[in-house]
Amino acid sequence: MRETHQLRDIQSWRDSGIKLSTPSNEAAKLFDASISQLSGWYDDKQLGGLEATMTKMLEADPQFIGGRSMIYAFDAVGGANVNNNPTLKTNVEQLIADVAANPNCDKWEKLHVKALEHLSSSGIDAAIRQWEEILVEYPSDILSLHLTGLTCLMTGRLERIGDISGRVLPSFKDEFSLSTAHAWHSFGLSEINLTTQAEWHARKALTIDPKNGWSTHALAHVFEMTSRSNEGIAYMNQGELLWNFSNHIAGHNYWHWALYYLTNGDFESAIDVLENRLINRAGFDSLSLSYLLSMENLSMDNVMTKHSERIDEIVRPFRADLVRRSFIDAHVMMGLCVSKKYDEAEQFMVESIACEDLHGKSVNENLLRSILSYSREKYDECVELLWPIRHHIKQIGGSEAQRDVFSLMLINAALRSYKLEHKRLAGQLIEEREIHRSKSPLIDRLRDLM
Ligand SMILES: [Fe+2]
């Protein structure tokens with residue numbers, strides 16, 4: 001985190017090579033504080049949290065181009081665009097007009113607005129390319145690196161982030177940005193299975209800033225990818241008070257923690273994390289965790305009944321959202337199916353399939369139908385829906401660990417299918433899984449079902 005006394009005023013921004021358009025030192029400092037909270041995934045309590053910081057920044061200078069551009073870019077990273085979000089469309093158009101009319105707007109802010117223009121028009125590759133160009137000229141721009149990383153994560157392009165972060169890593173000097181850059185580099189490397197290097201960078205990031213929950217998250221992925229569940233459990237347990245500081249990623253870190261227990265076959269502890277640490281936090285991770293647990297010959301009926309209202313609360317805003325992504329819709333589907341709300345799941349699936357502007361559309365129908373088929377114990381149907389798209393699911397976004405639920409669903413469905421060829425496929429898929437996640441108790445359990 002960046003301490004309040006370290007926040008950059010206009011002159012400090014200039015010293016770091018960036019001339020901001022705002023004449024307000026307050027806005028410049030709150031801009032820095034917003035970037036720090038966004039890329040460190042935390043709410044700065046002294047400033048009233050991220051939302052309040054951004055509100056105060058715009059109160060200090062409502063015309064601040066860099067500040068507005070940053071806020072709209074984070075909306076667009078989440079999937080909002082000029083077609084599905086009329087407010088974003090108006091805001092981006094006004095911002096572009098203001099840039100053209102503002103003689104004080106310098107290159108860095110103009111380039112960020114250009115990236116936003118691409119992203120909000122669904123020009124994902126063009127936006128990433130624009131941030132990469134910004135990083136060539138401003139290599140210590142943590143905002144560009146973070147926006148690039150998030151965009152890659154949301155759109156199935158995570159294999160790029162290791163290269164992008166690696167190019168600029170030596171340019172970061174201040175501790176907060178350096179720690180975040182190491183964390184992004186680690187996460188990117190773990191997604192392409194360079195886990196030894198990924199672990200080094202995650203640990204380096206944590207040495208620099210032990211409270212950065214994004215760095216803990218990077219290390220959590222290394223433990224997950226290398227089937228080191230016991231180390232993962234010990235690490236998450238021992239560092240809980242530290243990584244909880246990054247409250248916007250803490251829920252997801254609890255998901256990783258529960259996943260280690262699940263892998264080890266310690267379902268009681270996994271359910272304990274689900275019920276007491278994860279389910280009341282924002283986000284959709286509890287839906288996939290519940291679904292993963294339900295695939296372990298374990299009835300989740302009592303847990304789902306107990307938390308039925310909370311599951312509804314989680315699912316409702318995603319269903320009503322103007323922005324639709326297959327990644328989210330698959331999670332909603334898992335939540336409805338594990339709660340055995342099949343009629344609602346059917347209805348939701350029809351809505352989702354009909355949605356024209358949905359990220360990951362080409363695999364969405366098969367994906368949602370396969371979740372429903374599995375839940376209704378139509379295992380052969382699930383295999384036939386999921387098997388042809390398994391290598392294309394990546395496009396929906398998320399990490400390898402998050403999409404692993406679909407790999408496990410395919411294996412479990414193939415194991416349970418009445419078709420002999422599906423059972424043979426299951427055996428081969430288990431062998432394949434051994435290549436990437438060897439010595440995992442979860443693989444032993446799958447083998448026992450053969
Ligand atoms: Fe993760």
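This is a predicted model: local features need pLDDT of at least 70, side-chain atom pairs count only at pLDDT 80 or more; totals for chains, interfaces and linings use all residues.

Me: At what angle do the axes of H19 and H20 cross, and within what distance do they come?
Reply: They cross at roughly 165 degrees and come within 9 Å. H19 covers residues 326–338 and H20 covers residues 342–354.

Me: Left-handed or right-handed crossing?
Reply: H19 passes H20 in a left-handed crossing.

Me: Which residues meet there?
Reply: From H19 you have Asp-329, Val-332, Met-333, Leu-336 and Cys-337. On the H20 side they meet Glu-344, Ala-345, Phe-348, Met-349 and Ser-352.

Me: OK, zooming out. How many helices and strands does the protein chain have?
Reply: There are 25 helices and 2 strands.

Me: What about the radius of gyration of the chain against a compact globule?
Reply: The chain has 22 Å, and a compact globule with 450 residues would be near 22 Å, so the two agree. Along its principal axes, the C-alpha trace spans about 70 × 45 × 35 Å.

Me: How much of the chain counts as buried?
Reply: 51% of the 450 residues.

Me: Last one: what share of the contacts with a separation of 6 or more comes from residues 24 or more positions apart?
Reply: Those account for 61% of them in the protein chain.

Conventions: Residues are numbered from 1 along each chain as its sequence is written. Axes are lines fitted to C-alpha atoms, for helices over the stretch in contact, and angles run from 0 to 180 degrees between N-to-C directions. Helices (H or I, at least four residues) and strands (E, at least two) are DSSP runs, numbered from the N terminus. A crossing is left-handed if the near helix is turned anticlockwise from the far one by less than a right angle, and right-handed if clockwise. Two residues are in contact if their C-beta atoms, placed from the backbone, lie within 7 Å. The radius of gyration is taken over C-alpha atoms; the globule rule is 2.2 Å times the number of residues to the power 0.38. A residue is buried if 20 or more other C-beta atoms lie within 10 Å of its own, exposed if 12 or fewer, and partly exposed in between; C-beta atoms are placed from the backbone.
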